[in-house]
2 protein chains.
Amino acid sequence: MKPSFEPDTLPTETLASGPDRRRFLKAGLAVTGAALTGSVRASPAPWMTRPGAPLSNYGQPSPHERAVIRWVAANADAPGNGVSWTPLERLEGIVTPSGLHFERHHNGVPQIDPAIHRLVVHGLVGKASSFGIDDLLRYPMISRLGFIECGGNSNAGWHQEPMQVPAGNLHGLASCSEWTGVPLATVLEECGLRPNAKWLIAEGADAAAMNVSIPLEKALDDAVLALYQNGERLRPENGYPLRLILPGWEGVTHVKWLHRLQLAEQPAMARNETAKYTELLPSGQSRQFSFVMEAKSLITRPSAGQSLPGPGLHPISGLAWSGRGTIRRVEVSTDGGRTWRDAMLDSPVLPQCFTRFRLPWHWDGAPAVLKSRATDETGYIQPERQTLIAERGRHGYFHFNAIVSWAVAVDGSISHVYA
Amino acid sequence: MKPSFEPDTLPTETLASGPDRRRFLKAGLAVTGAALTGSVRASPAPWMTRPGAPLSNYGQPSPHERAVIRWVAANADAPGNGVSWTPLERLEGIVTPSGLHFERHHNGVPQIDPAIHRLVVHGLVGKASSFGIDDLLRYPMISRLGFIECGGNSNAGWHQEPMQVPAGNLHGLASCSEWTGVPLATVLEECGLRPNAKWLIAEGADAAAMNVSIPLEKALDDAVLALYQNGERLRPENGYPLRLILPGWEGVTHVKWLHRLQLAEQPAMARNETAKYTELLPSGQSRQFSFVMEAKSLITRPSAGQSLPGPGLHPISGLAWSGRGTIRRVEVSTDGGRTWRDAMLDSPVLPQCFTRFRLPWHWDGAPAVLKSRATDETGYIQPERQTLIAERGRHGYFHFNAIVSWAVAVDGSISHVYA
């Protein structure tokens with residue numbers, strides 16, 4: 001698993017710190033380099049021979065990580081209409097760095113001046129009101145770690161043939177951040193709700209004025225007017241200066257650049273709840289207002305497009321999440337679903353939040369099919385793909401949450417399969 | 001607390017979505033603008049009248065947040081020798097964005113090629129070994145959210161007079177991230193430890209070759225060879241490509257750019273455990289190897305340099321942490337310590353991790369002194385400043401963890417006081 005060298009090839013008598021340190025650096029690195037490459041390096045690494053870069057006001061990733069980016073698919077004629085995927089297969093843990101949080105915009109990212117932006121609350125309220133960002137910053141806040149997943153995430157899973165792209169390009173319209181803001185219930189209660197108020201119509205201040213309708217119970221339950229993401233103020237592409245957070249619900253309801261909340265008796269029947277996000281079922285009926293993202297999981301490493309250098313230990317690492325609450329269990333199969341083993345879950349395991357699972361796996365070099373299967377606190381078990389299709393039919397586009405299968409070939413290459 | 005307007009000034013009959021939406025935008029924003037500034041805006045916000053910015057590969061903060069930066073204090077002749085503080089008073093939640101994680105460097109930030117960098121483990125081991133980054137990426141990993149605090153954080157607390165700077169510039173050599181990496185125990189056990197190995201001497205690959213000595217028990221307990229920070233690979237200023245994480249211990253032991261671990265019978269007696277980090281006590285004895293960061297808390301908002309616009313509701317928000325485990329309780333006083341109330345703790349509350357506490361506070365306009373006091377799972381209670389000084393004397397520089405006091409004057413201005 002690793003190159004090594006014998007202890008007696010290291011000049012141990014010179015290894016103590018002190019005046020001989022530089023001699024060790026030369027000798028030690030030379031031996032190491034030699035064992036690895038066959039050549040002897042006579043000097044320490046170049047970055048130890050000169051001062052490094054100055055301190056900085058705001059840090060950036062290493063130039064060596066330039067390949068770790070959101071993969072953008074946008075309309076060439078309207079480059080603000082499209083999506084960008086979080087490269088889940090390149091990341092670890094449960095926090096998505098804000099710079100890599102997925103995007104879905106209809107008309108680009110507005111650059112909003114927070115000194116001018118206001119949130120208007122009107123309609124079936126006792127007192128229509130408007131709030132500046134500075135007003136909202138004075139309300140009691142709450143922080144929570146949670147995922148946002150686009151309702152259209154993983155939609156290639158409905159395709160007849162398994163798409164061969166990295167895991168993030170299939171399933172990376174899902175990201176997880178710590179969101180901090182004002183409980184929406186506080187603001188609604190202050191405005192006063194009329195008895196016939198049943199829906200909340202939320203609208204963004206982008207040029208598309210994207211809007212959706214939300215049942216009032218959710219708005220009063222755990223919705224948050226988010227001002228901060230991962231500690232700092234929201235990023236522009238995540239709704240700066242104000243975003244609606246609806247824990248566990250599909251991404252389109254987490255309205256970005258939020259500027260209007262209208263209390264109403266009926267939903268708006270907006271584009272994203274009629275022309276989109278409504279789906280014909282095999283029964284002839286349609287699914288509409290299918291807000292909750294059901295339990296899902298995904299092995300991120302190893303995954304499609306990666307390859308194993310050879311038989312041996314290959315830790316399996318992945319993500320699980322459920323819009324209905326906490327992940328209770330993740331099982332992993334390395335034989336295409338014939339047998340399953342419980343994966344370990346890294347702490348913390350939080351409701352409506354990414355959960356990192358892990359399982360050490362010893363690959364014997366034979367073909368293998370890797371799967372993961374999540375169970376949430378309601379007892380719901382992530383379905384196999386054929387089960388999901390039997391239930392939802394062939395008109396599906398949204399809410400694909402079936403088990404994902406990666407096939408490992410004898411040469412170690414990994415591909416996406418339906419198995 | 002907020003401007004508002006009467007419902008009948010809003011053209012409610014045109015508020016439904018559909019063809020009248022744009023009319024609403026004009027009318028609604030006009031009314032809102034009028035109520036706020038006395039002038040009527042006849043058009044929607046400019047960012048709603050044109051497409052926004054395209055999708056992007058890696059996001060950045062809003063240009064309106066340019067003031068939220070690390071405050072740098074570096075040697076003008078050697079700009080890589082110094083510190084930069086996390087602006088804690090501008091942040092929320094428990095995650096520090098990686099771009100704002102504090103820095104302490106001795107000779108700048110090396111730009112390391114991860115394809116060349118190696119970790120050498122040698123000394124009192126069964127088999128001296130070296131590991132490339134690709135090797136380490138194949139070991140089973142673990143993720144944990146945790147703080148790192150410089151042992152010299154808050155050292156202005158020892159000054160005779162309270163320093164008047166923002167909270168982050170006093171206490172912001174502390175940050176919190178999700179770290180993912182390989183348990184150090186795995187690697188040490190693979191190398192094999194000789195019976196007389198008692199200390200681990202860790203060295204970085206910066207031009208200062210910064211090194212420290214760590215008792216072997218800690219190395220085998222919960223130390224991590226971190227490769228990822230907040231989901232993505234480490235930032236350069238946080239040790240890319242490899243950093244030693246020692247949960248709850250002073251920052252200097254979390255060696256960045258880690259390239260060498262020497263197992264030894266005795267500590268190295270390096271500069272940062274002799275000339276620094278050793279302190280004379282009133283008893284005449286010295287404190288040395290004072291690794292653990294004791295429980296501490298801090299109100300971040302409101303805090304020194306901020307001001308309250310007037311009497312009314314002002315939520316108190318702050319951070320608590322302990323190197324000995326989990327925060328059990330945070331109490332807040334608004335009367336200089338005469339009476340205390342329990343603050344609420346946001347979930348999750350994790351060991352050796354920032355914990356966000358909150359308490360709503362109604363300011364009556366009279367002078368007030370705000371304090372917070374943390375208790376950890378061991379029962380240790382954060383001390384008052386005079387208690388800490390009585391114990392540690394006047395030669396202190398490191399490990400200042402006393403209660404911090406902010407005085408609110410009748411005009412709402414807030415200053416740092418010893419009270």
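**Figure 1. Contact between chain A and chain B in the predicted model.** Chain A contributes 120 residues to the contact, and chain B likewise contributes 120 residues. The area buried between the two chains is about 10,400 Å², and carbon and sulfur atoms supply 60% of that area. Every interface residue of chain A (100%) is also an interface residue in chain B, so the copies meet through the same surface.

**Figure 2. Polar and charged pairs across the interface of chain A and chain B.** Two salt bridges are found across this interface by the rule applied. In one salt bridge, the side chain of R233(A) meets that of E65(B), with an N to O distance of 3.7 Å. Between chain A and chain B, 34 residue pairs are in polar contact, both residues being at pLDDT 80 or more. The side of chain A that touches chain B comprises 56 nonpolar, 36 polar and 28 charged residues.

**Figure 3. Superposition of chain A on chain B.**

**Figure 4. Secondary structure and burial in chain A.** Six helices and 26 strands make up the secondary structure of chain A. Chain A has 419 residues, of which 63% count as buried. Among the contacts in chain A with a separation of 6 or more, 69% are accounted for by residues 24 or more positions apart.

How values were computed
Residues are numbered from 1 along each chain as its sequence is written. Chains are lettered from A and ligands numbered from 1 in the order in which they are written. This is a predicted model: local features need pLDDT of at least 70, side-chain atom pairs count only at pLDDT 80 or more; totals for chains, interfaces and linings use all residues. Side-chain values use heavy atoms; hydrogens and water are left out. Contact means heavy atoms within 4.5 Å. Buried area is the accessible area (1.4 Å probe) that two parts lose on being put together, summed over both. A salt bridge is a side-chain nitrogen of Lys or Arg within 4 Å of a carboxyl oxygen of Asp or Glu. A polar contact is a pair of N or O atoms within 3.5 Å; within protein, one must be able to donate a hydrogen and the other to accept it, and residues adjacent in sequence count only if both atoms are side-chain atoms. Ala, Val, Leu, Ile, Met, Phe, Trp, Tyr, Cys and Pro count as nonpolar, Asp, Glu, Lys and Arg as charged, and the others, Gly among them, as polar. Copies are superposed by least squares on the C-alpha atoms of residues with pLDDT of at least 70 in both. Helices (H or I, at least four residues) and strands (E, at least two) are DSSP runs, numbered from the N terminus. Buried means under 20% relative accessible area, exposed over 50%, partly exposed in between (1.4 Å probe, protein chains only).
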